[in-house]
Amino acid sequence: MLKNYLKITWRNLLRHKAFSFINILGLAIGMASSALILLWIQNEVSYDQFHVKKDRLYEVYNRSVFDGKLWCWGTTPKVMAKTLKQEYPQIEEVARTNNSTFLFTAGEKRLNIPGYFTDPGFLTMFSFPLINGNPKTALNDVHNIVITQKMAKKLFGNDNAMGKTVKVDSNAYFTVTGVLKDLPNNTRFDFEYLMPWSYAKKIGWDDEYWGNNSIQTYVLLKPGVTEAQADASIIHVTKTHSDTKEIDQFLHPMSKWRLYSKFDEHGKVSGGKIESVRIFSIIASFILLIACINFMNLSTARSEKRAREVGIRKVVGALRNSLIYQFLGESVLIAFISGVLALLIVQLSISGFNLLTLKQLYVPYGNPVFWLIFLFYIFFTGIISGSYPALYLSSFKPVSVLKGTFKAVNALVTPRKLLVIVQFTFAVILIICTIIIREQLQYAQDRDSGYKKDNLVYVMMTGSIGKNFEAIKNDLISSGAAMAVSKTSAPITEGWSDSWGFMWKGAPPKNKVDFNMFNTDGDLVKTMGLKVIEGRDIDPKVYPTDSTAILLNEASVKIMGLKNPIGEIVTNGEGKDARQMHVVGVIKDFILQSPYEPVKHMIIQGPKSWFNVIHFRLNNANSTANNLKRAEEVFKRYNPDYPFEYNFVDQAYAKKFGDEQRIGTLASLFAGLTIVISCLGLFGLAAYMAQNRIKEIGIRKVLGASVAGVTTLLSKDFLKLVMISFAVATPIAWYSMSKWLQGYPYRITISVWVFIIAAVITIFIALITVSSQAIKAALTNPVKSLKGE
């Protein structure tokens with residue numbers, strides 16, 4: 001019996017090649033698209049879930065009220081880890097991480113490589129497997145270092161790295177005491193080496209100041225200790241050990257690090273990456289559903305062709321259940337063929353998908369579980385797509401069929417029409433969402449950054465750059481490579497520091513206004529192209545007292561309530577540690593962090609500060625390549641041991657839009673695929689309807705009907721369904737995107753033109769798809785279609 005069913009299914013596929021091709025291709029595209037999204041989702045939900053002790057691992061968070069709002073953040077004082085381990089018995093182990101980048105030299109190879117300072121407990125807390133070395137002792141000595149396979153390959157080629165010596169910067173030597181397997185693609189940690197925290201302390205990167213929240217602190221709870229118990233224990237760590245009485249601590253579990261990073265006004269987890277996972281889960285489900293709807297529609301549209309077969313089978317004794325099994329078997333077989341084709345599509349497209357999503361996804365062919373899931377995926381798709389056709393076809397009554405009185409339903413509302421509406425409703429929703437995402441992205445990109453990004457370059461201060469800065473600055477300008485140079489605390493595109501506790505005339509007592517902090521040694525306005533609203537730039541060469549000068553942005557002046565800010569005294573700190581600064585200028589707001597949010601209040605401090613970066617504006621009179629060549633010569637002259645590595649500010653600024661660009665591109669991609677799948681089904685339905693009405697068309701043409709009239713007749717019913725889809729999709733898309741836009745304080749207002757454009761696109765595509773078959777049928781010679789009569 002099974003052999004007979006397979007033979008019939010195969011003959012049906014070959015007999016109706018065009019419809020078989022549309023069915024298989026539509027299902028394959030839908031299955032491949034859903035599979036790619038599911039691979040992305042699996043990667044997201046599996047982040048850091050491979051750690052053996054994941055149920056006991058937490059990150060320490062701070063919580064306090066600033067500017068009248070409750071803030072939660074994951075950077076802590078460096079001294080907190082030591083305090084937690086020594087004084088809180090609920091904590092079994094602790095580990096801090098702090099980003100660092102050093103110049104590593106091994107033989108003739110010199111490379112700037114990023115990594116972490118961390119505590120020895122890191123390797124026993126987290127399950128990053130060591131290929132060589134002992135995780136319990138690998139970081140015990142101040143000059144030990146653990147490197148990844150990737151870094152070992154960079155420095156030592158194929159040689160065994162264990163026990164080898166590497167020079168760090170120009171004055172320290174480390175011994176490789178461990179080689180880690182390269183990090184998986186589903187972890188938040190991103191490093192190529194681990195250095196002991198004791199070395200950070202040795203070079204002065206450690207401190208015991210409770211007000212310096214600058215590193216991550218992780219804890220491993222003892223077995224049996226719950227999150228609630230630990231939270232209750234550590235909530236007042238900062239209050240107990242410092243004069244800061246407004247900050248509480250709590251633990252954020254590893255299971256929520258990736259997907260739940262947002263907190264509401266009560267300090268409770270309220271969302272994060274999980275929102276994207278949910279959205280793309282819905283998209284994957286609907287794409288697969290649309291592909292299944294194609295199969296349902298085309299199968300039921302061909303019902304008259306299979307009606308006689310059903311009638312004969314029932315007459316000779318076939319039960320309805322056996323017919324249902326037969327038709328479901330056919331759909332599963334087609335789903336299997338589509339699944340194989342989908343796997344090929346996934347394999348061919350996954351590298352491009354990885355570039356788009358910045359992932360390293362792959363198909364785990366060697367994992368038996370994958371093949372079980374794949375077979376279930378095929379079976380599930382086959383059952384879903386074949387369920388309605390099986391029930392519909394098996395319900396035919398043999399008497400009506402064999403007498404020739406059976407006629408397919410052509411009612412006002414039919415399941416087939418509803419399925420077409422569902423298809424195009426989702427397609428229209430995706431088109432509208434794509435347009436709105438693109439508009440929001442463009443809106444933010446068009447926003448004035450507040451400074452001139454073009455021809456602006458920054459270099460990190462490594463090696464001897466700091467002590468030779470004045471010489472470097474003079475030579476950059478005298479060589480013609482640069483027009484202006486300024487030393488700063490961070491790149492102009494990033495906010496590395498913030499602080500509170502500032503006092504000024506009229507400030508409220510116990511002031512909790514948080515300011516972004518930025519430092520400069522002078523020439524900031526000229527170098528960055530900032531606009532001065534009042535006063536002047538910081539210039540310690542002309543004004544020696546500018547060592548304690550500050551600049552305020554417009555947002556700071558507003559929140560501080562200063563009517564005449566120039567000359568105002570701002571005090572940072574209390575008692576003997578208090579530092580008085582005077583305002584010399586007010587600058588126009590510029591975007592330091594997110595271009596989607598209002599500019600935060602900022603204080604720019606003068607030369608009595610810390611610095612990490614040199615910015616310089618390239619000379620417009622020369623080519624960029626010429627300027628950079630001259631700049632490289634200057635840096636090599638004063639910092640010969642380090643490579644000249646530079647960054648263009650305009651490129652760094654463009655990266656701020658990366659997430660939204662990827663979402664927009666993915667939405668466009670899947671909207672396009674949805675339209676393709678929907679139109680494949682529409683094309684098949686139109687072709688079949690035209691074929692069924694070929695004699696009617698012939699009679700109409702004999703009676704004088706024009707090609708345009710026949711085309712309109714065949715197309716209008718489908719276009720009505722598309723218009724209904726648009727009417728259903730519009731409020732759903734508007735509501736969904738309104739909710740999405742609420743996450744952006746700086747956002748567009750949804751315009752009616754978005755929906756008009758979406759309607760035009762959808763109707764145009766549908767019209768092209770349907771009319772191609774309608775015109776073909778209308779051009780058919782009526783003699784050929786009626787000669788059998």
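Visitor: Which side chain does Glu93 meet in a salt bridge?
Guide: Glu93 pairs with Lys85, at 2.8 Å from N to O. A salt bridge here is a side-chain nitrogen of Lys or Arg within 4 Å of a carboxyl oxygen of Asp or Glu. Before we go on, note that this is a predicted model: local features need pLDDT of at least 70, side-chain atom pairs count only at pLDDT 80 or more, and totals for chains, interfaces and linings use all residues. Residues are numbered from 1 along each chain as its sequence is written, and side-chain values use heavy atoms, with hydrogens and water left out.

Visitor: Is Glu93 buried or exposed?
Guide: Glu93 is buried, with a relative accessible area of 17%, while Lys85 is partly exposed at 42%. Buried means under 20% relative accessible area, exposed over 50%, and partly exposed in between, using a 1.4 Å probe and protein chains only.

Visitor: Why do such side chains pair at all?
Guide: Side chains of opposite charge can pair when their charged atoms come close.

Visitor: How many salt bridges are there?
Guide: The count comes to 19 salt bridges. One of them joins Arg637 to Asp475, with the closest N and O atoms 2.8 Å apart. That pair links distant parts of the chain, since Arg637 sits in helix α18 and Asp475 in helix α15 (residues 469-478), 162 residues apart. Helices (H or I, at least four residues) and strands (E, at least two) are DSSP runs, numbered from the N terminus. Asp475 is buried at 18% relative accessibility, whereas Arg637 is partly exposed at 48%.

Visitor: New topic. How many helices and strands does the chain have?
Guide: The chain has 24 helices and 25 strands. Of its 789 residues, 49% count as buried. Among contacts (heavy atoms within 4.5 Å) between residues at least 6 apart in sequence, 78% join residues at least 24 apart.

Visitor: And which residues touch the most other members of the largest nonpolar core?
Guide: Tyr451 and Phe590 do, in a core of 109 residues. A nonpolar core is a set of buried Ala, Val, Leu, Ile, Met, Phe, Trp, Tyr and Cys residues joined through side-chain atoms within 4.5 Å. The largest share of this core, 16 residues, comes from helix α14 (residues 415-445). Apart from it lies another core of 24 residues, among them Ala106 and Met195.

Visitor: What does Tyr451 touch?
Guide: Leaving out residues up to four places away in sequence, the contacts of Tyr451 include Leu456, Met528, Phe590 and Tyr653.

Visitor: Okay, what about the surface? Which residues make the nonpolar patch?
Guide: Ile282, Phe286, Leu289, Phe376, Phe380, Ile384 and Val422 make a patch of about 570 Å². Patches are made of residues with over 30% relative accessible area and no salt bridge; like charges are joined within 9 Å, and nonpolar side chains (Val, Leu, Ile, Met, Phe, Trp, Tyr) within 5 Å. Accessible areas come from the Shrake-Rupley method with a 1.4 Å probe, and for residues only the protein chains shown count as cover. Helices α9 (274-301) and α12 (368-393) each supply at least two residues of the patch.

Visitor: Where is Asn639?
Guide: Asn639 lies in the loop between α18 (624-638) and β25 (647-648). Asn639 is buried, with a relative accessible area of 5%.

Visitor: Last one! What is the phi of Asp48?
Guide: Asp48 has a positive phi of about 55° although it is not a glycine. Most residues other than glycine have a negative phi. Asp48 is in the loop between α2 (17-45) and β1 (57-66), and is buried at 2% relative accessible area. Asn455 also has a positive phi, about 60°, and lies in the loop between α14 and β14 (456-460).
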